[in-house]
Amino acid sequence: STSTQKAAESAQTKPAAKPDKVTIMLDWTPNTNHTGLYVAKDKGYFSKEGLDVQIVPPSSQGTVEQLVATGKADFGISAQEQVTDARVQGLPLVSIATILQHNTSGFASLKSKNIQTAKDFEGKTYGGWGLPSETETIKALMEKEHADFNKVKIINIGDADPIASMSKGSIDLTWIFYGWEGIQAELAGTPLNMMWIKDINPALDDYTPVLVTSEKMIKEKPDVVRRFTQAVSEGYQYAIKNPDDAANILIKNAPEEDQKLIKKSQAWISKQYQADASQWGVQKASVWHNYAQWMFEHKLLDKMIDTNKAFTNDFLPKA
Amino acid sequence: MLILKDVSLSYQDGGKSVLDVLKNINLEVETGKFVSLIGPSGCGKSSICNLIAGVEVPAQGDIFLEGRSIKGVPGQVGYMPQKDLLLPWRTLLDNVALGSDIRREDKRQSREKARHWLDRFGLGKFAEHYPHQLSGGMRQRGALLRTFLFGQNTLILDEPFGALDALTRREMQEWLLNVWSQSRPTVVFITHDIEEAILLSDEVVVLSHSPARILDKIHVPFSRPREQDLLLSGGAINIKKHLLDLLNGKRNV
Amino acid sequence: MLILKDVSLSYQDGGKSVLDVLKNINLEVETGKFVSLIGPSGCGKSSICNLIAGVEVPAQGDIFLEGRSIKGVPGQVGYMPQKDLLLPWRTLLDNVALGSDIRREDKRQSREKARHWLDRFGLGKFAEHYPHQLSGGMRQRGALLRTFLFGQNTLILDEPFGALDALTRREMQEWLLNVWSQSRPTVVFITHDIEEAILLSDEVVVLSHSPARILDKIHVPFSRPREQDLLLSGGAINIKKHLLDLLNGKRNV
Amino acid sequence: MPFKSGRFQKKWRDSIPTIVFLVICLALWQIIVSYFKLPLWLIPSPIDVLKAFWNTRELLWAHTLTTLLETTAGFVLAIALGLAAGVAMVLSPLIKRLFYPLLIVSQTVPLIAVAPLLILWLGYGLLPKIVTVVLVCFFPIAVSLIEGLEVSDDDLLNLLKSMGATRWQILYMIRWPNALPSFFAGLKIAATYSVMGAVIGEWLGASSGLGVYLTRSSHSFRTDQVFAAIVAITILSLFYFVLIAGIRRLALPWLHTKED
Amino acid sequence: MPFKSGRFQKKWRDSIPTIVFLVICLALWQIIVSYFKLPLWLIPSPIDVLKAFWNTRELLWAHTLTTLLETTAGFVLAIALGLAAGVAMVLSPLIKRLFYPLLIVSQTVPLIAVAPLLILWLGYGLLPKIVTVVLVCFFPIAVSLIEGLEVSDDDLLNLLKSMGATRWQILYMIRWPNALPSFFAGLKIAATYSVMGAVIGEWLGASSGLGVYLTRSSHSFRTDQVFAAIVAITILSLFYFVLIAGIRRLALPWLHTKED
Ligand SMILES: Nc1ncnc2c1ncn2[C@@H]1O[C@H](COP(=O)(O)OP(=O)(O)OP(=O)(O)O)[C@@H](O)[C@H]1O
Ligand SMILES: Nc1ncnc2c1ncn2[C@@H]1O[C@H](COP(=O)(O)OP(=O)(O)OP(=O)(O)O)[C@@H](O)[C@H]1O
Ligand SMILES: Cc1ncc(C[n+]2csc(CCO)c2C)c(N)n1
Ligand SMILES: [Mg+2]
Ligand SMILES: [Mg+2]
């Protein structure tokens, strides 16, 4: 069982004199995007690496990027869009691993609305999260199909339940993570039309969410970053192999949440973590570059950034 | 006819014991008569006024006005409390016209009337002042005028002239006698000034120390209209002496 | 020696015109003397008290106590205002001991002293009552006791006996004469009762209608200790007549 | 006239220390930010904020108008409801017993918890924002009013009763003027919160308004714009606050003849 | 003793209509939800909420303890600060002129806007939650207190002045007791908001507390649990409210000898 396993593992490694305390701030409420982290904590992967990790959920989407940039949190979960935006504004953020190899998000709408292409967005109400990347993406998409962006009503829906908002008819479409909101819609028996981001344009198949830290961490405590990434990687690999068990660990750590949802979501998402990649977490320079380039071309970025500074694969375990 | 029948009143004394204030008070005031109440401080005079005004309810007994019980029924008599109680947010003029406002009478008319009377009371200049800008005697006159303009057939006046100097007091007494003789309301009048009681009343009721009982009721036989000189007459001096003795506890009844 | 020198006071009359209340008042009160002020209602007696007590500042002139200017300096004299002004959140006992609290004296001791005096004033039973549970006369006696226990060498008493019946009033007068003759404070005493003024004072100061001027200062020559009977003497009756005439405006000075 | 301008001058003179103090604070802030070269995204300097304010002035103005509309509507509604509730509860003890607990309970519900539900029920129009403003403002108004209406001088109440005044007359002749200071204290609290209420409402779901400007700026790491938004919100709130203070002066003349 | 139990019984009898009313409301809610078969995500029925409450009772209790701790610490701190600010401002007009405007301005800043800054400065321990509680509670307390301290009977103030009382003595002998009713009105408002403040603080970033329970439930679409959380928050707030009301009774004996 877990306890004997733990004992065995800690016997193997050197008795860490004093574990390094690190914190990681999530991007949202704990969900199956984060399973690996909880597995790593629960299974003792962190302590094996001599780390004492505190996982801090922000309860709502917020300000991870600033916190990581200032060093208030050592690590964080963010997304490529935000990291790109943040770096444009000068935040010294670096992505050290991608949790999902492909973008599992997309524009969702009720089947009954029959929204198939960006052209259909005209006259509709979009409920978003208040991110600049959303409006920009939608704008770019629609311009490509010669649709009039001004005919879309953009609304911030903040913390409201997007699926319920659509069922109620307050909004027509929204941007969801299929692994969470999409699965919920399945469970609720609400058939959705998904316009996957990655299908719209290969350049948009960006990494989301990603594991980030600050340039300062990398410079001053590369060892901690390495050990951390190591353990997280192990955690996600466990989750890939044992979706059911991993789901239970998440449930244990977020007992307030819907178990059925977590189970079903985990079963779906475990297959997506590594997907077609050689290794969990690796990021391709092209993905980073293409996305930024596309944004810049559509005048969504003020200036082009050196995307190679925005991410690194250096801390992933050597295969 | 105003009748207090076997009226008793007591207060919960800070939650501990019971404080008897009035015990079996029986009092009859004929309609149109002027009756003064005198008695030692704290004996329960103001309490009697509160009972008649209907803002307090006796523990026992009943109160009748013209045959109807007015126990606990406010609004039947004109009442001038011992504290002047002008409303701090109303000017003197508006305070004096309060009764008309309560009766929803025409504002302009009531203000005109109030202003007329304020002039007569020598307060015309102060009509637009708020109470905190007035002297003690001015406030008291304002309160009296308010009660008078409220215009009931029964008036309960609790020490209306306490804060007035001798001269103003005499003027006010004369004014009161004058308006009283014109419309003949029933008046229950509280005073500490025995001469005042004699000068104004048809009857003076003397109350004992707390719990108050009625020590004596003295008929004042002088004919009206009365002048201040009356107080120098032998009859008045006799009554005065009798009252003083009663208050001093020298005379038993 | 308490000296008011050329003191004037006026109020902004509701923002419109200026209301002159006092005009060039000159008054000297020798230390240890008992001086009464009388005058028509609203003439400015309370205003004079406020000035001496330091809670108001004269527009002109100055006020000296024992040679030092006390213009606008509160806390130099014991002051009993016309309204009783007991603190609603303090029991009678605590109200009476207010002065000791302000001077940060020992609580237990001051309460003992206050209780002793309340007993003497016939208020012992009401020590734990809040002001709204007391009669008008009781509150006034409480306020007087508070001023007295505050224990200053100069006392300003603004109508201290206005709400008392004849008997209690006489008792209080006797008490006042008694404590005064023991410690001989300087007293400025306001009253509407001319007899009271004659009985108690060394000097009676008569004020005119507003704006107040001093009409006359009358020396009261009777020896002390004085008894109530003194008022029946020819000298007293003369003084009384003189004062009445002054107030009635019949006599020019 | 000379009297009035005198008072005006006095007001000015009185506020000099405040202004000096504020200027010193701002200067200090500017110096610290410049000296330590703090990055813009962490904390902008006052000049950065001013620039952001100026650069986005048209946008900001458009958003401000939305918020102004929501706040005004909500505030007026909250006052009306607060008055109605206060008066009803003081006139009828039964109503008070039934609804006062509910009033309290309703306030303990955290806005951010019901906000998503509100949106779900009311949609994304103006309505939910006005409702949040009302929710935020109603309670301080109603509670202060009720407390004020209830603490009245017993003697005055008895006097009016003795004059046969109806409950309603006692209410508006005694309780109401007596409650005004407390009522205005409540209004001041409500005024300060009103704009915040609208911003929360917008943060829940909106397409325009200062809350939207705020979240968008925050999510694109434009801390200077975030501060500009905060400044705008503050100015707006102060506007309401000053308005209330002014009305208070007019509504309580008997206190002001004392204070002058 | 019989007197006390009599009052207790009276209290009970007085609250019967409230309880009946509440039960009717709940029943109506249940019936409407059942009758129209409203989906859980839109609005759960009271029974659903009760079930959610019961099923997660241990979890809820653990979270409640965290929130309780934060709220209590913050509330106590807010009272202390409110008192200090109120007293300082009444004693010194200069302090008032300098800080009162700032106090107002500080309140107009929407919490959700500064929240990120708060964490940035204070980390995500207990501290930022306590600070949000203080921010939410301090203002109503301070404003009510200041308003209460300032509106005092001029005659009483003059009396104490004439007795040579120091400013400080005038403060605690006259202004303070006179301000108590208003102060308690402020405390009541603060008490109702206190738990909400903690929940907002938790929403910024926390691993335990009712706010965490709330968002997790909301983000995993458990509307029944959202309502259970709201109920828990409400109960907690009412606890504070009742506490304050009780203390008020003890602190204002001169009003209660009147009311009884
Ligand atoms: N705050 C104020 N504002 C304006 N006028 C005032 C103010 N206080 C007093 N007055 C005016 O000053 C005059 C004198 O008042 P004061 O109280 O001194 O009279 P008084 O002699 O004590 O009268 P009384 O015997 O009736 O008590 C009055 O005309 C009064 O209206
Ligand atoms: N609310 C109350 N609670 C308790 N006791 C009270 C209350 N009101 C009055 N009393 C008591 O009732 C008694 C009578 O008071 P009342 O005011 O009737 O006296 P009074 O005859 O008018 O005296 P005065 O001449 O001094 O005005 C007093 O002993 C007083 O303490
Ligand atoms: C499970 C999960 N659900 C919703 C969000 C909120 N969110 C923030 S940005 C964005 C759009 C895609 O970038 C969405 C859906 C999240 N972070 N994780
Ligand atoms: Mg009386
Ligand atoms: Mg006077």
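Quick housekeeping. This is a predicted model, where local features need pLDDT of at least 70 and side-chain atom pairs count only at pLDDT 80 or more, while totals for chains, interfaces and linings use all residues. Residues are numbered from 1 along each chain as its sequence is written, chains are lettered from A and ligands numbered from 1 in the order in which they are written, and side-chain values use heavy atoms, with hydrogens and water left out.

Where does ligand 1 lie? Between chains B and C. It has 21 residues around it, and the closest are Ser135(B), Gly137(B), Lys45(C), Ser46(C) and Ser47(C). A residue counts as near if one of its heavy atoms lies within 4 Å. Helix H5 (136-150) of chain B, plus strand S2 (17-29) and helix H1 (45-53) of chain C, each supply at least two residues of that shell. Helices (H or I, at least four residues) and strands (E, at least two) are DSSP runs, numbered from the N terminus. By class, the shell has 7 nonpolar, 12 polar and 2 charged residues. Here Ala, Val, Leu, Ile, Met, Phe, Trp, Tyr, Cys and Pro count as nonpolar, Asp, Glu, Lys and Arg as charged, and the others, Gly among them, as polar.

Now ligand 2. Why do we call its site shared? Residues from chains B and C surround ligand 2, so the site is shared between chains. Of its 21 residues, Lys45(B), Ser46(B), Ser47(B), Ser135(C) and Gly137(C) come nearest. An oxygen of ligand 2 is 2.6 Å from a polar backbone atom of Gly137(C), and another listed pair puts an oxygen 2.8 Å from an N or O atom in the side chain of Gln82(B). The protein covers 92% of the 650 Å² that ligand 2 has on its own. Its shell divides into 7 nonpolar, 12 polar and 2 charged residues.

Last stop: chains D and E. The contact (heavy atoms within 4.5 Å) takes 54 residues from chain D and 57 from chain E. About 5,000 Å² is buried between them, with 77% from carbon and sulfur atoms; buried area is the accessible area (1.4 Å probe) that two parts lose on being put together, summed over both. There are 3 salt bridges between chain D and chain E, a salt bridge being a side-chain nitrogen of Lys or Arg within 4 Å of a carboxyl oxygen of Asp or Glu. One of them joins Glu147(D) and Arg248(E), at 3.9 Å, N to O. As for chain D's side, H4(D) gives the largest share, 11 residues.

Methods: Polar contact = N/O pair within 3.5 Å; in protein donor to acceptor, adjacent residues only side chain to side chain. Areas by Shrake-Rupley, 256 points an atom, 1.4 Å probe, with all protein chains shown as cover.
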